[in-house]
Amino acid sequence: MENFIYYTPTKVVFGKDEEKNVGKLVKEFGGKRVLIHYGGGSAIRSGLIDKVKKSLSEENLFFVELGGVKPNPRLSLVYEGIKLSRENKIDFILAVGGGSVIDSAKGIGYGIANDDIEDVWDLYIGKARTKKCAPIGVVLTIAAAGSEMSGSSVVTKEDEQLKRSYNSDNSRPRFAILNPELTYTLPKYQIACGIVDIMMHTMERYFSPVGNLEITDKISEGLLKTMIKYGKVSMEDPKNYEARSEIMWASSLAHNGLTGCGGKGDWATHQLEHDLGGVYDVAHGAGLSAVWGSWARYVYKENPKRFVEFAKNIFEIEDNGSEEEIALKGIEAMEEFYKKLDMPIKISEAGIILSDEDIVNLANKCSNNRSRTIGSFKKLSYDDIEKIYTMAR
Ligand code: NZQ
Ligand code: ZN
């Protein structure tokens, strides 16, 4: 086991109707002047924003609203949020939505807490660092990104088509309200994208170059199997409370650090996806499923045993055949599951047709113009990245 720090300060409030207590929670964490941040309209249509406003008013809290966050949240709205927050002396940001809204809220939180940083984007491109972020609270409406407990924020700078993340523990939300019923209005496509992302957050940590991690591996395998079981149920029966509950809790556990304790995350699939998302605006989960199989086939020979464990422990692949055969069967089984969710397993299936030139552009972005490698299971440089995009196209 590698040394690790496990830090999960987020107060999780789980269950039906808990969004009614959001005002009390904001107060508990010291908020007096609140920015309510939300997406393109689903939270308004469902009546959730009205419920949130009512709860804040009952606690006599001042609030202003900023909606319009798009999936793959844009830097321009983060700037707008920082300006609006400064004008209104906001001291607490309440994200009502999914990963995109929460990440945008974190970007605004960094902006208003760090007057000394001229451009908040500098954090995302490694030009500046900070430990300060204004307090964030979450009412979650989609189980997917895990941003409700994570210290990550992922934002896209539109003019450069660059999607980048910044990590700091101080951006971990103070509280997250998880009411599975709030996810009932999700389209099937978004449910499926969420399932892929939750599983990938665990798989990025499971495919670690560190050896045996009994507890961490068993937690990860349990989470992945639970997602396969309840993923199918929630696709067939979207209002199944039990399935929605398991998936929502998995979303938080898959990305709060628990499934990586003692290991060393890989994250290559995420980085390959982030550039697809930045350039082609594909949904995060769909981008992940489109590249994972190609990544896996490219790297499995580094440590076939890990892929054999994945095949046997997650998909119950029989122990007959060579290590290589079993490893490949596991990768196929994962892709079969993605197909059952109607998720793409090739980039073209996500509606993106890549020319050779497009692949060079993506590989340049992903390798920061050949200046970085990605991944730890196998370190991938520009050439590897180009080959994986080519395999995946
Ligand atoms: O904008 P609205 O109208 O709300 O619609 C959203 C959006 O179109 C819709 N939606 C959300 N809740 C709904 C709903 N529609 C109906 N009913 C509901 N209850 O779903 C769509 C997708 O929302 P989004 O927030 O983009 O989804 P997700 O949670 O998957 O977030 C994706 C973003 O998170 C980043 C991704 O890169 C992507 O930008 N990630 C953030 C991470 C983090 N901060 O830790 C980690 C992840 O790896 C990921 O990179
Ligand atoms: Zn993700």
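Which residues does His274 touch, not counting residues up to four places away in sequence? They are Val154, Lys163 and His284, where contact means heavy atoms within 4.5 Å.

## Basis of the model

This is a predicted model, in which local features need pLDDT of at least 70 and side-chain atom pairs count only at pLDDT 80 or more, while totals for chains, interfaces and linings use all residues. Residues are numbered from 1 along each chain as its sequence is written, chains are lettered from A and ligands numbered from 1 in the order in which they are written, and side-chain values use heavy atoms, with hydrogens and water left out.

## His274 and helix α10

His274 is found in helix α10. Helices (H or I, at least four residues) and strands (E, at least two) are DSSP runs, numbered from the N terminus. His274 counts as buried because its relative accessibility is 10%. Buried means under 20% relative accessible area, exposed over 50%, and partly exposed in between, with a 1.4 Å probe and protein chains only.

## The ligand site

Ligand 1 is surrounded by 32 residues, and the closest are Gly40, Ser42, Ser100, Ser150 and His201. A residue is near a molecule or strand if one of its heavy atoms lies within 4 Å of it. By type, the shell around ligand 1 divides into 10 nonpolar, 19 polar and three charged residues. In this division, Ala, Val, Leu, Ile, Met, Phe, Trp, Tyr, Cys and Pro count as nonpolar, Asp, Glu, Lys and Arg as charged, and the others, Gly among them, as polar.

Some atom pairs can be named. A backbone N or O atom of Gly99 lies 2.7 Å from an oxygen atom of ligand 1. A polar side-chain atom of Thr185 lies 2.8 Å from a nitrogen atom of the ligand. In the side chain of His284, an N or O atom is 3.1 Å from an oxygen atom of ligand 1. On its own, ligand 1 has 960 Å² of accessible area, and the protein covers 89% of this. Accessible areas come from the Shrake-Rupley method with a 1.4 Å probe; for residues, only the protein chains shown count as cover. The elements that give two or more residues to the shell are α5 (99–113), β6 (152–157), α7 (188–206) and α10.

## Helix α14 and what follows

Helix α14 spans residues 356–366, and its buried residues are Ile359, Leu362, Ala363, Lys365 and Cys366. These residues lie on the same side of α14 because they cover an arc of only 160° around the axis. The arc is that of the directions from the helix axis to the C-beta atoms. An α-helix has 3.6 residues a turn, so residues three or four places apart point the same way. The buried residues of α14 pack against β7 (162–167), α10 (268–280) and α15 (382–392).

After α14 comes Asn368, whose phi is positive, near 50°. Asn369 is found in the loop between α14 and α15. Its phi is also positive, about 55°, although Asn369 is not a glycine. Asn369 is exposed, with a relative accessible area of 60%.

## Other loop residues

Gln161 sits in the loop between β6 and β7. Its phi is near 50°, a positive value in a residue other than glycine. With a relative accessible area of 33%, Gln161 is partly exposed.

Gly41 is found in the loop between β2 (33–38) and α2 (42–45) and counts as buried at 10% relative accessibility. Gly41 and Lys70 are 29 residues apart along the chain, and their C-alpha atoms are separated by 10.0 Å. Glu349 lies in the loop between α13 (323–340) and α14. Not counting residues up to four places away in sequence, Glu349 touches Met343 and Pro344.

Ser234 is found in helix α8 (residues 214–236) and is buried, with a relative accessible area of 0%. Beyond residues up to four places away in sequence, Ser234 touches Ile191, Ile195, Ala243, Arg244 and Ile247.

Ile49 is found in helix α3 (residues 48–58) and counts as buried at 3% relative accessibility. Leaving aside neighbours within four places in sequence, Ile49 is in contact with Ile36, Tyr38, Ala43, Ile44, Glu65 and Val96.

Definitions and conventions:
Polar contact = N/O pair within 3.5 Å; in protein donor to acceptor, adjacent residues only side chain to side chain.
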